[in-house]
Amino acid sequence: MQENSWVPLFPEQASTFAWQVDWLYFYMLAVSTIVGIGIVVAIIFFFVKYREKEKYATGAEIHGSIGLETTWSIIPFIFAMTVFVGGAYVFYNQTRPPADTTEIYVVGKQWMWKFQHGSGQREINELHVPVGRNIKLTMTTEDVLHDVYIPAFRTKMDVIPGRYTTLWFNATKPGKYHLYCAEYCGLNHSGMGGWIYVMEQRDFDNWLSGNVSGQTPVQAGQDLFQNKLGCASCHEGGASQRGAKLEGIYGKEVKLTNGQTVIADDEYIRNSILNPSGQIVEGYQPIMPTFKGQVTEEQLLSLVAYIKSLSGNANQMNTGSTTSTSGSTTTNNANTTGTIPPRADRGDSNSAGSNPNAPPNRSEPTNQQQR
Ligand code: CUA
């Protein structure tokens, strides 16, 4: 069903920024071709014109030419700057998600992609999304580096152990599009792929309602927080509260005991669970135990979603805000002071391949009810 685009051998253009990437690409290809051909033609022309006609002839002395030198400086400058401006435009467009996005959580592992929608539905190696909506993927991995690559959308982003990265797109036409892993990740890397199903909103709503959706990430996070992990015993409860207050912190600056200020974004929350003593909020003791090894990446995403919801970001369908949700790329633009606060401290949980958070003997989630 995936027909070719207007260029043979190219994947279809199926996202709002696909044409931008293609135009930039073909512009650079055209410039390179014209310049390359020009050079070869000039070589051949001079080769013939200035061939040796007379033995031991002396060449004419040349003392520069302002006109010529200006021309061969300005024309390449214009080419270089147009490529730069075009590239910057595409880059900013792709790395800054718009304000109103539907957030979907992605966890990569050798060798599959796991997706979870804000309403709770889980998918493996398949992702259903509505057409014409801004979709933001918040992504991490349980083991090694992977990379989400959707050629028809002309977008890709690394998925990195111990961090959250984001990728956004707005699909322009219904269809079925290839999803690849674009980072060599071991034996079955080439098989680590799947399909993105872009559906009309009506069909997507039907699909959503037809799927059993266990707990939403927020509900799952609340369950972990209040029951399974017992976070609530310190982080809730008024006067006896020993842990930092979490209501309303998401996206805000928090002051640390060492005087630093950081933005409480997804990654800060994640690191505070795995490496609590790394960045202690001012006024609190370093008494929180680490939860490293006790929570999976998916549970961490749920906890982050729940803590976000305490700040009024409960609706996963509209988590967009002016705040950063990814400390990893260029979206760290949440601060109002104009200075860039230090990054969240990842502790030692980001060593590639160490699989720090995967507890042993865990069954894979399915599309069905999980626990
Ligand atoms: Cu995952 Cu290559």
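**Exercise 1. Determine how strand E1 (residues 102–109) pairs with strand E5 (residues 134–141) and with strand E2 (residues 112–117).**

Solution. Strands E1 and E5 run parallel and are joined by 7 bridges. Here strands (E, at least two residues) and helices (H or I, at least four residues) are DSSP runs, numbered from the N terminus. Two strands pair if DSSP finds at least two bridges between them. Within E5, Lys136 is the bridge partner of Glu103.

The structure is a predicted model, in which local features need pLDDT of at least 70 and side-chain atom pairs count only at pLDDT 80 or more, while totals for chains, interfaces and linings use all residues. Residues are numbered from 1 along each chain as its sequence is written, and side-chain values use heavy atoms, with hydrogens and water left out.

The next step concerns E2. E1 and E2 pair in the antiparallel sense, over 6 bridges. Gln116 in E2 is the bridge partner of Tyr105. A hairpin of 2 residues connects E1 to E2.

**Exercise 2. State which residues point each way from E1, and whether they are buried or exposed.**

Solution. In a regular strand, side chains alternate between the two faces of the sheet. From E1, Thr102, Ile104, Val106 and Gly108 point one way. Glu103, Tyr105, Val107 and Lys109 point the other way, and all of these residues are buried. Buried means under 20% relative accessible area, exposed means over 50%, and partly exposed lies in between (1.4 Å probe, protein chains only). Because 8 of the 8 residues of E1 are buried, the strand is largely enclosed by the rest of the structure.

**Exercise 3. Count the aromatic pairs and classify the pair Phe46 and Tyr50.**

Solution. Rings of Phe, Tyr and Trp (its six-membered ring) pair if their centres lie within 6.5 Å; planes under 30 degrees apart count as stacked, over 60 as edge-to-face and the rest as tilted. By this rule there are 12 aromatic pairs. The rings of Phe46 and Tyr50 have centres 5.8 Å apart and planes at 35 degrees, so the pair is tilted. Phe46 is partly exposed, with a relative accessible area of 45%, whereas Tyr50 is exposed at 57%.

Phe153 and Phe169 also form a tilted pair, with 4.7 Å between centres and 35 degrees between planes. This pair links distant parts of the chain, 16 residues apart: Phe153 is in the loop between strand E6 (146–150) and strand E7 (155–159), and Phe169 is in strand E8 (residues 165–170). Both Phe153 and Phe169 are buried.
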